[in-house]
Amino acid sequence: MTPFIKHKELNKKWVLINGANAVVGRLAATISKILRGKNKAQFNTHEDNGDFVVVTNAEKIVFTGKKHKDKKYYRHTGHPGGIKFETPSIFKSKGKPEEILRLAVKRMMPLGPMSKKQMTKLKIYQGDKHPHDSQKIIALDFAKANKKNYRN
């Protein structure tokens with residue numbers, strides 16, 4: 001019989017990741033694992049036992065290859081012929097570079113109400129400062145995990 005952890009026994013941690021020169025896809029994959037709790041031994045698909053993630057320096061994330069110009073984020077307005085798209089350079093020119101990472105993480109999460117709840121635990125900020133200093137934040141060194149995680 002599999003022992004399930006009770007909601008009262010869960011201890012949610014706060015993880016800090018520096019996004020400067022981080023590759024978007026690799027960073028999003030790591031964040032989605034932490035948000036879902038797949039990095040823990042007591043992972044269950046029907047429980048929300050993931051941790052909070054704080055990402056700083058979101059304006060400095062990078063793409064590999066020519067994705068910065070060629071990648072398109074499509075959405076539809078619901079009207080005939082209402083397909084719209086934006087590129088990462090458009091997001092940066094609008095002053096919303098954190099939306100690039102938020103969309104990448106959102107599309108790596110499973111569909112459903114639990115995913116929406118887990119996405120609320122993702123905090124993305126431009127620059128080094130964030131308002132979560134009162135929590136005991138654990139800094140995750142994303143660069144040391146793999147040399148492909150960062151671009152110079």
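Predicted model: local features only at pLDDT ≥ 70, side-chain atom pairs only at ≥ 80, totals over all residues.
A charge sits over a ring if NZ of Lys or CZ of Arg is within 6 Å of the ring centre and within 35 degrees of the ring normal. Numbering runs from 1 along each chain as its sequence is written, and side-chain values use heavy atoms, with hydrogens and water left out.

Let us begin with the overall layout. The protein has six helices and six strands; these are DSSP runs, numbered from the N terminus, with helices (H or I) of at least four residues and strands (E) of at least two. Along the sequence they follow the pattern β-α-β-α-β-β-α-α-α-β-β-α. Taken along the principal axes, the C-alpha atoms fill a box of roughly 50 × 40 × 30 Å. Of the 152 residues, 39% are buried, where buried means under 20% relative accessible area, exposed over 50% and partly exposed in between, with a 1.4 Å probe and protein chains only. Contact means heavy atoms within 4.5 Å. Among contacts between residues at least 6 apart in sequence, 69% join residues at least 24 apart.

Now to the interior. Nonpolar side chains tend to be buried together in soluble globular proteins. A nonpolar core is a set of buried Ala, Val, Leu, Ile, Met, Phe, Trp, Tyr and Cys residues joined through side-chain atoms within 4.5 Å. The largest one here has 26 residues, of which Ile31, Leu101, Val105 and Leu122 touch the most other members. Two or more residues come from each of E1, H1, E2, H4 and E5, and H1 gives the most, with six residues.

Helix H1 covers residues 24–36, and its 13 residues reach 18 Å from first C-alpha to last, close to the 18 Å expected at 1.5 Å a residue; the expected span is 1.5 Å times one less than the number of residues. Its buried residues are Val24, Leu27, Ala28, Ile31, Ser32, Ile34, Leu35 and Arg36.

Helix H4 (residues 98–106) buries Glu98, Ile100, Leu101, Leu103, Ala104 and Val105. The cover over these buried residues includes H1, E2, E3, H3, helix H5 (113–119) and E5. Leu101 shows this in detail: leaving aside neighbours within four places in sequence, Leu101 is in contact with Val24, Leu27, Ala28, Ile31, Val55, Ile61 and Ile124.

Next, the aromatic rings. A search of the whole structure finds four aromatic pairs. Rings of Phe, Tyr and Trp (its six-membered ring) pair if their centres lie within 6.5 Å; planes under 30 degrees apart count as stacked, over 60 as edge-to-face and the rest as tilted. One of the pairs is Trp14 with Phe52, stacked at 4.4 Å centre to centre with 5 degrees between the planes. This pair links distant parts of the chain, joining Trp14 in strand E1 (residues 14–18) to Phe52 in strand E2 (residues 52–56), 38 residues apart. Trp14 counts as buried because its relative accessibility is 13%, whereas Phe52, at 21%, is partly exposed. Another pair, Tyr73 and Phe91, is edge-to-face, at 5.5 Å centre to centre and 70 degrees between the planes.

Lys71 lies over the face of Tyr73, 5.2 Å from the ring centre, and Lys72 lies over the face of Phe85, 4.8 Å from the ring centre.

Strands E3 (residues 73–76) and E4 (residues 83–86) pair in the antiparallel sense over four bridges; pairing needs at least two DSSP bridges between the strands. Phe85 in E4 is the bridge partner of Tyr74. Six residues lie between the strands of this hairpin, where Gly78 takes a positive phi near 100 degrees.

A last stop is His132, in the loop between strand E5 (122–124) and strand E6 (137–140). His132 is buried, since its relative accessible area is 12%. Apart from neighbours within four places in sequence, His132 is in contact with Trp14, Val54, Lys123, Tyr125 and Ile137.
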